[in-house]
Amino acid sequence: MSKTLQAIRGMNDILPEQTPLWRYFEDSVARLLDGYGYRQIRMPIVEFTELFKRSIGEVTDIVEKEMYTFEDRNGDSLTLRPEGTAACVRAVLEHGLTGGGQPQKLWYAGPMFRHERPQKGRYRQFHQIGLEVFNLEGPDVDAELIVLTWRLWKLLGIRDAVTLELNSLGTPEARARYREALVDYLSARESQLDEDSRRRLASNPLRILDSKDANTQALLVDAPKLADYLDDESQTHFDGLKTRLDAAGIPYVINPKLVRGLDYYSKTVFEWVTDQLGSQGTVCAGGRYDGLVEQMGGKPTPGVGFAMGIERLVLLLETLGKVPESLARQVDVYLCAFGEAAEVAALALSERLRDQLPDLRLQVNAGAGSFKSQLKKADKSAALYALILGEDELAQQVVGVKPLRDSLKEQGNGEQRTIAWDALAEHLASCL
Ligand code: ATP
Ligand code: MG
């Protein structure tokens, strides 16, 4: 017997039971972003490896050890995108979307790939919705990005479960000065650092700030603070953001150790975190990256963005019991037909109903079956009503409308009725 084929570890099927919640989430975000004037962009899933090396940075975890990189048949080195910002910037540059300095507010959604250790909330193929804004340098845009996520949390009913953490990384110059001071301080104590942090001391010292190692964290208590190195411009920008968040009534905590994993951030960085998902608690993260577009060969172009992890937000909705009840029902009406002639009529009738009620979720029984078996299927479909079309109904051009749920009794729709075909759409509209 041949071995059962399996999906790759950390790459999940999203099964029919789960897709309604995914669609609810994705549709909620899309509608919200339409409301704020963000436009969708769709980039390829595969890009030249060089793109990610140049944008994310050679000495980040992602580029050092998490990318799915392969050679294609032309011998080009390609990579499955580990995140969306790099490709978005590439696309924006390639198509001149920011060429004249015009603002762009963009969003994208889709799968990302990182070779990480799979666990709850951390997968090798995962999905993000990301936003990127170009050519707007003020804190008003940083605030808008946060305000709109805050609104999303309200729409989804999860506002109480998430906390906003904020920090400012300053300009690259300010960060370089801080980096030097931090390296001086830590180099003198190198033997006390954990192994990862020792490695990062040379490559990416700021990442040491979010080390999970207790000894390293103890050492950091007296280390130089990024806030003390902040340049005036970044300080003013950060104050501007905080003033706006205060005015909007959005609570936040300043986390001086929040540095984010990627090289390209400057000024504002933020994360929305929850304590409901164990150690994979960051559901949305981003920041400003004013130097990135230039670093990738464009004109100096301010940028700011974030990405949220769909798996983690879907998990959070489930954990908090915030899955809307309406998602349980995917079928409104189940049409049963008995005998060849009734089946033929049922198809025509169902198409007419679809014309009349475009939002109706109507499932037509397939595969014939006895009265009992068709009604059993109707019941299992979770539909509210079964429509019954037998020989007698066919002869009289009517259908039986049979309520399937007890809840319909309370609304006064608990009785089975016989309705003429011509009046069916109106009847269904009134009782659904
Ligand atoms: P983490 O610290 O959890 O590794 P990150 O800083 O690497 O996150 P980003 O690159 O900023 O994450 O991606 C933004 C969001 O995408 C994260 O906040 C998270 O919700 C989600 N995300 C990132 N990596 C994964 C993954 N491997 N599996 C599931 N979701 C992920
Ligand atoms: Mg990560």
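Trainee: In the hairpin of E3 and E4, which residue takes a positive phi?
Mentor: This is a predicted model, in which local features need pLDDT of at least 70, side-chain atom pairs count only at pLDDT 80 or more, and totals for chains, interfaces and linings use all residues, while side-chain values use heavy atoms, leaving out hydrogens and water. Residues are numbered from 1 along each chain as its sequence is written, with chains lettered from A and ligands numbered from 1 in the order in which they are written. Strands (E, at least two residues) and helices (H or I, at least four) are DSSP runs numbered from the N terminus. Five residues lie between the two strands of this hairpin, and the one with a positive phi near 85° is Gly75.

Trainee: How many bridges join E3 to E4?
Mentor: Two strands pair if DSSP finds at least two bridges between them. E3 and E4 (residues 77-80) run antiparallel, and Thr69 stands opposite Thr79 in E4. The number of bridges joining them is four.

Trainee: In what order do the three strands form the open sheet?
Mentor: E2 and E4 pair in the antiparallel sense over three bridges, with Phe48 partnered by Leu78 in E4. The edge strands, each pairing on one side only, are E2 (46-48) and E3 (68-71). The order is therefore E2-E4-E3.

Trainee: Which helix packs on the sheet?
Mentor: The helix spans residues 49-56 and touches E2, E3 and E4, contact meaning heavy atoms within 4.5 Å. Its direction makes about 75° with that of E2, where axes are lines fitted to C-alpha atoms, for helices over the stretch in contact, and angles run from 0 to 180 degrees between N-to-C directions. The helix is H2.
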